[in-house]
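Good morning, colleagues. Please look at the sequence and the structure as I bring them up.

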Amino acid sequence: MLKVLVVDDDQALRLSVRSALESTKKFSVEEAFDGINALEKVKAAPANTRAFDIVILDVDMPRLNGIGALKAIKEHDPGIIVLMLTAHATVEVAVQSVREGAYNFLSKPISSEDLINLIDKAITAHTLISTLAASSPVFVDEGRKIIGNTSQMQKVFNVIHKLAKVDTPVLIRGASGTGKELVAKAIHFNSARKDEKFVAINCSAIPENLFESELFGHEKGSFTGASERKIGKFQFAEGGTLFLDEVGDMPPQMQVKILRVLQEKLFMPVGSNREISTNVRIIAATNRPLEEMMKDGRFREDLYYRLNVVPIYLPQLNDRKDDIEVLVHIFIRKFNTIHNKKVTGVSKEAAAVLKRYNWPGNIRELENVIEHAFVLETTNSVTLGSLPEAVLEAVGVNLVESMEQLQSQSVSLKKSAQSFSGDEIDVEGDLDIDSNLEDDDSSDSVDEDISIAIPNNGPLDFNAQKEEFEKQFIIKALKTFKGRINQTAIHANIPKKTLLRKIEKYGIVAKEYAEPKN
Ligand SMILES: Nc1ncnc2c1ncn2[C@@H]1O[C@H](COP(=O)(O)OP(=O)(O)OP(=O)(O)O)[C@@H](O)[C@H]1O
Ligand SMILES: [Mg+2]
């Protein structure tokens, strides 16, 4: 007998749910009147036992609301199945619930039949995944790996592993660029189907009138333009996995047909009267609010439940910033190979910007930013100067302003250096803002605008800023004087010895700025 806790501040509702459940003789039911009371009861179980298998949680409750209780319950024991139930369903709350680990979200009033149906599904999903052992790294095709050290991603890996071992449909949710396709591949390439095809189809890119033929194929002459018989993606993927990307954009009449394939494993090509049986696993993905779309009839509820056997929700990069460093590292390796470069890392300032930015385009955007830097970067590490302006701007780094600030700092330092005798200044190495102070007397101003950047509200680390400035300055000067060391030293007012030392220090290759020989 499964133990269920019904949590609601409305006694009448608790009673009606209780009697619906008890009438099946499958459940033993207890009640709690709010979130705090629910937690007390959940936690009352002796160590290593579970007081409840399933908790049905109301959302609006005094003291501790449903979302708060959900979080606390999942923290206490992630294995408890939680279903949310509310009279005032909003999409935000629904999405948040699923994200926090609720199995599903129901609007009141709900019929006892629907409720029991849903509990059955939740239990199936739950036993499916809880009987399988968890293990860690997930390899995608060709040795590619999904990266993520944060606890959010570790949870995702667990689910991927479990889903790879069963053959149910999968629905992957997550914002753009969070890795939905990568996860779909990981499930396929870790599954028994791994030696068969992984076929992806983007539902938002297929014209509505061609959808059916694209998926199921067509007979010759079945419609204008069908000059040959053609097999569809289902036959193409036979034995393997079909990835329905952007499934939320699938036209309603196709949703019915896909549902039928999921239920009966049969389909009919356009213009044919012969049913074809299929053995294909469906993995679907979307970043659309399916719960909202179901409400106004744009997405079929029955298809949703068919696909959403075990929910898998990919976190935004902004919610797992600790993964940025390792992702950047992986992308640097990747682009070193592609662009034949030897980038070894990221400057401190650039790393701070990457960490502060909020990544609306998620991992895809991070990957693009690193590739952008590879194209622009002339040294062996990714520096502020090679990050896209939009990213710098978003975190409050202003290129021109920073430059002006730095120049005025430099001028005032020079002045103070000249007006004091050497041993009176507190020169802790850091006043060595640019080594041309060493034997510089007649410094005319720098002739060009030098676009370097300092984060206005970033880490105020003078040494780091200074080094970044020096490096960018030298690169700019070398560019201006076509990589010629002597010319650069004279015109940019840097003692040659200092210039050579700095060039070596920052791994700059002067030859790269030489005029190409024709
Ligand atoms: N955890 C990860 N580790 C390494 N690379 C990742 C990870 N997640 C995503 N990527 C990379 O980021 C890019 C975007 O991933 P993917 O295409 O799977 O995202 P998506 O959610 O399908 O995006 P969209 O909604 O825009 O289609 C890909 O190049 C992918 O390889
Ligand atoms: Mg995608």
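Helices (H or I, at least four residues) and strands (E, at least two) are DSSP runs, numbered from the N terminus. By that count the chain holds 20 helices and 14 strands. This is a predicted model, in which local features need pLDDT of at least 70 and side-chain atom pairs count only at pLDDT 80 or more, whereas totals for chains, interfaces and linings use all residues. Residues are numbered from 1 along each chain as its sequence is written, and chains are lettered from A and ligands numbered from 1 in the order in which they are written.

Of the 518 residues in the chain, 32% are buried, that is, with 20 or more other C-beta atoms, placed from the backbone, within 10 Å of their own. Two residues are in contact if their C-beta atoms, placed from the backbone, lie within 7 Å. Among contacts between residues at least 6 apart in sequence, 72% join residues at least 24 apart.

Let me turn to one residue. Ile201 belongs to strand β7, residues 198-202, and is buried because it has 21 C-beta neighbours inside 10 Å. Beyond neighbours within four places in sequence, its contacts are Glu214, Lys233, Leu242, Phe243, Leu244 and Asp245.

Finally, a helix pair. The axes of α2 (residues 35-43) and α3 (residues 66-76) come within 9 Å and cross at roughly 15°, with axes being lines fitted to C-alpha atoms over the stretch in contact and angles running from 0 to 180 degrees between N-to-C directions. The two helices are therefore roughly parallel, a term for angles under 35 degrees. Residues of α2 in this contact include Leu39 and Val42, and those of α3 include Ala72 and Ile73.

Key:
Buried ≥ 20, exposed ≤ 12 C-beta atoms within 10 Å, placed from the backbone. Parallel < 35°, antiparallel > 145°, perpendicular 65-115°, else oblique.
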